[in-house]
Amino acid sequence: MRRAAVAIAAGAMAVSLAACGSAQEAGGEKESTGSAAKGDDIKIGLLLPENQTARYEKFDRPLIEKKIKELTNNKATIEYNNAKQDANLQAQQVDTMITNKVDVLILDAVDAKAIKNSVQKAVDNGIKVVAYDRLAEGPISAYTSFDNVQVGKTQGEALLQELGDKAKDGQIVMMNGSVTDPNAKQFKEGAHSVLDGKVKIGKEYDTKEWKPENANANMEAAISALGKKNIVGVYSANDGMAGGIITALKAAGINAPVTGQDAELAAVQRIVAGEQFMSVYKPYAPEAEAAAQMAVALAKGEDLGSIAKDKVSSESAKDVPSVLVDVTSLTQENINDTVIKDGVYTADEICTAKYKAACDKLGIK
C-alpha cells in the first residue's frame, strides 16, 4: 500500500515537471488560436457541477485557482461559478463566461451531453474549453480526469476480495451513478468487467443526480425485493451514495461491505469505524494542476504536448489531449499512507471523539 501512495506522489511530481517543461518551451511551437500569443494577464473561467459532494469546493476549486495563479505570476483573472447540479443553470453560466470574454473555460459538466451546444457556443466565440473530471461533449481542446474504468475495476476487485466465499452464494446490489454523467458509465463498465460471473447481481440501479437520498430509497427497495438475508455486499459508485446505502442497511440490520469513491471525510471515518469497507482515493492535486496547466497553456497559445501525454475520444471530439491520473483503493490499512500522508486530512480531522478509539486501534496518527 505504501508503494501505491508513493506512486501517487510520483504522478503529482510528473504533472508538476510537465508544467516546468511547458514554461521552458514556451518559445517553441504554438497552437493556432486565431489571436496573438498572450502573457500572464489572462482570464480563465472555472465552472464546477455541484456542491453536495465535498470535493469540489474543498479541493478542486482552491487547487485549480492556486495553480493558475502560480503559473501566471498571480496576474491571471479567474471567473468562478458552481451549477449546483442544475444543467440549465450551467448553460447560463457558460453564456456569462462568454459575455465576460474569458480566454479559456475549465468545465466540469453537470450533464455531459446537454452541455454540448454551450461548448460549441464558447468555441465559436474564440474560447478554448478544457473538460475537467467529466468528458463533456462538443469541440473540447483538452481533458483531465482519472482512469474511470480502472476506478470501477478497483471497486469491484476490492468487493470481491472482501466477500471471499460469500460471493458464491449471496447477492450484491449495484448502486451506479447518474446517467447524465459519462464517468458513471465508465465506473459501471469497469465494475461489471470484474464482478460479472463472479457474484450474482440481485438488483442494479442508476441513481438520479448521485443523491444519497435516492441511493437510500433504492437500497430500501432492493432489501424489500431480495430479502435482507440474501444481500452480502453493495457496490456503491461513490461515498455520498454509500452514506445513504449504509443508513438503509443499518435500519434493516444488515452488515455487509460497501464500496465508495472520493475519500470524503465522512467516508474515511466510516471506514475507520468499519461501517464502509473501502473508498477510491483520487488525488485531486495532480488532476487540478493538470487542468490549470492546460488552461494556461491554451490561453497563451502554447502547445500541450509537454503536459498531456494521453489521448481520449468522445462522440463529438477525437484524440483530445488528456491527462489521466491513477487511483488507489483506500481501506483501514492504508489511511496513514494516503489521505494523511498527502495532506488531504489530518489525523485530528479524522479521529474526532467518536472515532478516537477506532483510530487508536488502527494506529492512525
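Helices H5 and H7 are oblique to each other, a class that holds the angles left over once those under 35 degrees (roughly parallel), over 145 (roughly antiparallel) and 65 to 115 (roughly perpendicular) are set aside. The structure is a predicted model, in which local features need pLDDT of at least 70 and side-chain atom pairs count only at pLDDT 80 or more, while totals for chains, interfaces and linings use all residues. Residues are numbered from 1 along each chain as its sequence is written, and side-chain values use heavy atoms, with hydrogens and water left out.

The axes of H5 (residues 148–163) and H7 (residues 182–195) come within 6 Å and cross at roughly 40 degrees, the axes being lines fitted to C-alpha atoms over the stretch in contact, with angles from 0 to 180 degrees between N-to-C directions; helices are DSSP runs (H or I, at least four residues) numbered from the N terminus. The contact (heavy atoms within 4.5 Å) involves residues including Gly152, Gly156 and Leu160 of H5 and Phe187, Gly190 and Val194 of H7. By class, this contact of H5 with H7 comprises seven nonpolar, seven polar and three charged residues, with Gly counted as polar, Asp, Glu, Lys and Arg as charged, and Ala, Val, Leu, Ile, Met, Phe, Trp, Tyr, Cys and Pro as nonpolar.

A search of the whole structure finds one cavity of 30 Å³ or more, a cavity being a set of points on a 1 Å grid over the protein atoms alone where a 1.4 Å probe fits but cannot get out, with lining residues having an atom within 4 Å of a point. The largest cavity holds about 140 Å³ of space, and among its 14 lining residues Tyr56, Arg134, Asp181, Trp210 and Asp262 lie nearest its centre. Helix H2 (55–71) and H7 each supply at least two residues of this lining, which divides into three nonpolar, four polar and seven charged residues.

Terms used
1 Å grid on protein atoms, 1.4 Å probe; cavity = no way out; pocket = protein on both sides within 12 Å on 5 of 7 lines; lining within 4 Å. Points joined across faces, edges and corners; volume = space filled by probe spheres on them.
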